[in-house]
Amino acid sequence: MPKTVTLGNGLAIGGDGFVVMAGPCAVESREQLLAAAHAVAAAGALVLRGGAFKPRTSPDSFQGLGGPGLELLAEAARLTGLPVVTEVIDPRDVPLVAAHASMLQVGSRNMQNFPLLREVGRQRLPVLLKRGAAATLAELLHAAEYVRREGNGEVILCERGVRGFDPTTRYVLDLAAVPALRQRTDLPIVVDPSHGTGDADLVPAMARAALAAGADGLLIEVHAAPEQALCDGRQALRPAAFATLMADLRRLAAALGRHWLRAESRAGSIPTPRHGVAANGCLDDEVIAP
Ligand code: PEP
Ligand code: MN
């Protein structure tokens with residue numbers, strides 16, 4: 001029996017439903033976040049994503065707004081009615097992030113940060129655990145077990161691509177991970193085609209493929225002006241492209257007999273958070289000669 005992970009507003013992820021989580025890579029400003037948040041809500045996304053603490057490959061890159069970014073995410077949640085998933089990179093920040101979000105994201109770079117896994121395991125919030133870029137599926141499942149051992153069984157696994165040899169795509173999106181994980185775990189499985197390809201033009205095809213492969217949902221980066229993004233602009237969908245993709249996914253879900261979750265499928269209404277570098281769009285791990 002597949003497990004469902006339920007967010008504070010009653011939205012259940014897993015089972016036969018399909019959920020899209022979307023928003024900018026990073027929270028850059030109030031205006032930027034709200035533009036993306038309203039756009040993804042209007043297109044039918046049910047969870048808002050956005051990073052306030054960014055794990056950047058270079059220390060010179062934009063590191064995120066931190067605490068003020070969390071406040072903006074909480075405001076965007078109130079204004080759109082969407083629960084928020086946001087990344088936590090430091091075990092010491094877990095309570096602060098947990099006070100502003102509906103789900104904690106552990107990023108690929110931290111998939112084996114065991115103190116962080118244990119700390120999110122002590123929270124009463126769902127955890128979105130992203131596969132490390134060089135991690136096997138067994139290692140991903142062991143990492144999920146670290147969270148569960150601390151008492152938090154509400155874990156969603158995310159395939160986001162692994163390191164390959166061909167620079168054509170940023171990572172190699174391993175869609176076989178979806179059915180392979182399904183054989184090994186009852187946890188919900190979502191796919192991130194944005195980091196998995198690194199190219200907005202490739203995201204729609206891989207998003208549709210993820211749905212067809214049996215994923216429980218998607219994590220997609222959306223930015224109203226990708227050319228101005230401080231992080232991962234090249235892979236961000238514009239709102240119009242995102243809306244087109246959502247319409248395609250809805251039709252595909254119907255053809256596959258999957259249940260396309262809508263805002264009204266939630267048990268509650270509004271999530272209630274407990275606290276009331278160069279703008280060049282380059283990808284985070286793009287190698288820039290020092
Ligand atoms: C992200 O989702 O913004 C992110 C940094 O992803 P990943 O950890 O998969 O690189
Ligand atoms: Mn990103």
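Predicted model: local features only at pLDDT ≥ 70, side-chain atom pairs only at ≥ 80, totals over all residues.

Colleague: Let's start inside. Which residues touch the most other members of the largest nonpolar core?

Modeller: Nonpolar side chains tend to be buried together in soluble globular proteins. Here the largest such core has 67 residues. The ones that touch the most other members are Val20, Leu129, Ile220 and Phe242.

Colleague: Which helix gives the most to this core?

Modeller: Look at residues 137–149, which make up one helix. They put 6 residues into the core. That helix is H5.

Colleague: And what does Leu129 touch, leaving out residues up to four places away in sequence?

Modeller: Leu129 is one of the residues that touch the most other core members. Its contacts include Val106, Met111 and Leu117. Further along the chain, they also include Leu140, Ala143, Ala144, Val155, Ile156, Leu157 and Cys158.

Colleague: How many residues are in the other core, the one lying apart from it?

Modeller: Among its members are Val5, Leu46, Val47 and Met103. The count for this other core is 16 residues.

Colleague: Which residues is Val147 in contact with, beyond its neighbours within four places in sequence?

Modeller: Some of them belong to helix H4, residues 114–121, where Leu117, Val120 and Gly121 are among the buried residues. The buried residues of H4 pack against H5, and also against helix H3, strand S6 and strand S7. For Val147, the contacts are Leu117, Val120, Gly121, Val127, Asn152 and Val155.

Colleague: Now the ligand. Which side chain has an N or O atom 2.6 Å from an oxygen atom of ligand 1?

Modeller: The residues around ligand 1 include Gln105, Arg160, His195 and Glu221. A polar side-chain atom of Gln105 is 2.9 Å from a ligand oxygen, and for a side-chain N or O atom of Glu221 the distance is 3.5 Å. The 2.6 Å distance belongs to Arg160.

Colleague: Which ring does Arg160 lie over?

Modeller: Arg160 is over the face of a ring, 4.0 Å from the ring centre. The ring is that of Tyr171.

Colleague: One more: why is Glu28 called buried, and which side chain does it make a polar contact with?

Modeller: Glu28 sits in the loop between strand S3 and helix H1. It counts as buried because its relative accessible area is 15%, and the limit is under 20%. Among the residues it touches are Phe62, Leu65, His223 and Gln228. Its side chain makes a polar contact, at 3.2 Å, with the side chain of His223.

Colleague: And how far apart are the C-alpha atoms of Glu28 and Phe114?

Modeller: Along the chain, these two are 86 residues apart.

Methods. Residues numbered from 1 in each chain as written. Chains lettered and ligands numbered in written order. Heavy atoms only, no water. Core = buried A, V, L, I, M, F, W, Y, C linked by side-chain atoms within 4.5 Å. Buried < 20%, exposed > 50% of the residue type's maximum accessible area, 1.4 Å probe, protein only. Helix = DSSP H or I, 4+ residues; strand = E, 2+ residues; numbered from the N terminus. Contact = heavy atoms within 4.5 Å. Lys NZ or Arg CZ within 6 Å of the ring centre and 35° of its normal. Near = heavy atom within 4 Å. Polar contact = N/O pair within 3.5 Å; in protein donor to acceptor, adjacent residues only side chain to side chain.
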